[in-house]
Each structure stands twice: as structure tokens, then as C-alpha cells.
Amino acid sequence: MPPRLPEPRVEWQDGTLRSVAHDDTYASVRAARVEREAVFLRGHGFGAAGDAGTDAAGRWSASPRATFGELGFGAGISFITAWAAWRAHAAHDPRAQLDWVSVEGFPLDAATIRGAHRVDPALAEFAPLFAALADAWPARIPGIHRRAFEGGRVRLTLLFGGPCDLLPSVPFAADAWNLDGFAPARNPEMWDDAAIAQVAAHARPGTTVATWCAASAVRERLAAAGFDVHAQPGAA
């Protein structure tokens, strides 16, 4: 039997999903959608699912084949909100493709993924997407797990392990990177020099990086890796 990663210690507390081991939450209660869309979609210039107007699609119009990298898959909320946005703004284009490459060192189980939309009533309309993800969810085995949705037009590559264990063996250049691990003090491996170096190694001129984290050490590492770093207004 192949080795398995340790089962994460999680609990539902006051309506949100919390990691006991990291003493941190997977998403803000009742604000998960607005935060993910503000930081990890509009923060890159991509329109979110509910955005309307002539410029609502943003980068989806110019980049119908979009590749996202992510440190910290968590409960899949960022992936699901991006998938919904891709459906709203890009899927009509026959060229459209969404590739999502994500590192997760503490994978949840399928049942938790299926119910993750419960952290925020605004995610309820995406429940079928959470269910589709849960149905395809891999076992908690270290390594590379690839899944496809929308007839192969949405492709998910899950890297179960540390950011430096598997990213070097996956060739891709992201259009956008989401840094969404638990807080650096609680999960330093997701934010250290080696992890940020892997982000830079899978980037190109014009790649954007978005994160909720404002820690000075993270900003300095991103700048040292060649990124132009700016603070933006936060969601809510």
C-alpha cells in the first residue's frame, strides 16, 4: 500500500472550517467568496463570476487559456471561484482552457471538500462544482494527481506534498500565482525562500502574484525573486 500523508486535524467552528494543527481558518466565515474573488481573481485582473459590464471579463478576454499556480489548495474555494468565473467569462470561447496547479501538504477528505461551500452562503450556488471536485478527489497519497473537468477544458493538477518536493518536476509557467497557505508563523514552509523561488521559477514576464499576506518578510522575498510588490486595498 502506498504511503499516505497525515490526516489533517480540522473542525467546524462557528460556521467556518478551522485547522486545529495550524490554529488557523481555511476561509473567513460568511466572507470567503468576496475575499477570494477580490484577492485571487480581481487582484490579478480577472473578472469574477458575478461581475457585469463591458469590462467585466478582464484578463479572461485576452487570456482565454489561463494557467494559475497556487500554494495552499485548502478547501478548494479559490479554485472553485475561478472555475465559476471561467464559466461566466471564458467558456464560450472555443480556445478557452483553465489550468490550475496547486500545492497542498495537508489534503482534506472528499466529504469536507463537498461541504466547503457551507462556510459562506454566497458560495451555495457553486455547490455543484464542489460536488464535482469531491467526486474526483484523490486519495491522500503524496505525489502528483491530475483531474479534468468540462470535457478536459478545466484541468486541475494537485501536488500533495511540500512546495519544493514536487513543483520542480512539473513544467509550467503560470499567468497568475495565488499564495494562500496558512499564516507564515503557522506554516513557514509555504512562505520561505525556497517556496518563493519555486514561484519565480514557474513565472514569466507579466506573471502576477496575489496574496492576502502582508508580512514584510514575504514582501521582501517576492521582491528579491524579481516581483514588483504593491499593497492594494483589502476585501471588506
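Me: Which residue forms a salt bridge with Arg33?
Reply: Glu37 does, with the closest N and O atoms 2.9 Å apart. Keep in mind that this is a predicted model.

Me: What does Glu37 touch, if I skip its neighbours within four places in sequence?
Reply: Glu37 is in contact with Arg42, Gly43, Ala48, Ala49 and Thr81.

Me: OK, other salt bridges. How many are there?
Reply: The count comes to 13. One of them is between the side chains of Arg36 and Asp180, at 3.5 Å from N to O.

Me: Which parts does that pair tie together?
Reply: Arg36 lies in helix H1, while Asp180 is in the loop between E8 and helix H7 (193–201), so the link spans parts 144 residues apart in sequence. Arg36 is buried at 8% relative accessibility, and Asp180 is buried at 14%.

Me: What about Asp175, which residue does its side chain meet?
Reply: Arg204, in a salt bridge with a 2.2 Å N to O distance. Asp175 is in the loop between helix H6 (163–166) and E8, and Arg204 is in the loop between H7 and E9, 29 residues away. Asp175 counts as buried at 9%, whereas Arg204 is partly exposed at 36%.

Me: Which residues do salt bridges with shared partners join into one network?
Reply: Arg33, Glu37, Arg42, Asp51 and Glu125.

Me: Switching to the sheet. What's the strand order?
Reply: E6-E7-E5-E4-E8-E9, an open sheet of six strands with mixed pairing. Strands E6 (143–149) and E9 (208–211) are at the edges with a single partner each, so one side of each has no neighbour in the sheet. On average, neighbouring strands are turned by 15° against each other, direction ignored.

Me: How many bridges join E5 to E7?
Reply: Seven, and the two strands run parallel. Within that pairing, Leu98 stands opposite Val154 in E7.

Me: Which strands does H1 touch when it packs on the sheet?
Reply: Strand E4 (65–71), strand E8 (176–179) and E9, with its direction at about 150° to that of E9. H3 packs on the sheet too, touching E4, E5, E6 and E7, and its direction makes about 175° with that of E5.

Me: Last one: where is Ala91?
Reply: Ala91 is in the loop between helix H3 (77–89) and strand E5 (97–104). Its C-alpha is 8.1 Å from that of Pro64, 27 residues apart in sequence.

Terms used. Residues are numbered from 1 along each chain as its sequence is written. This is a predicted model: local features need pLDDT of at least 70, side-chain atom pairs count only at pLDDT 80 or more; totals for chains, interfaces and linings use all residues. Side-chain values use heavy atoms; hydrogens and water are left out. Helices (H or I, at least four residues) and strands (E, at least two) are DSSP runs, numbered from the N terminus. Two strands pair if DSSP finds at least two bridges between them. Axes are lines fitted to C-alpha atoms, for helices over the stretch in contact, and angles run from 0 to 180 degrees between N-to-C directions. Contact means heavy atoms within 4.5 Å. A salt bridge is a side-chain nitrogen of Lys or Arg within 4 Å of a carboxyl oxygen of Asp or Glu. Buried means under 20% relative accessible area, exposed over 50%, partly exposed in between (1.4 Å probe, protein chains only).
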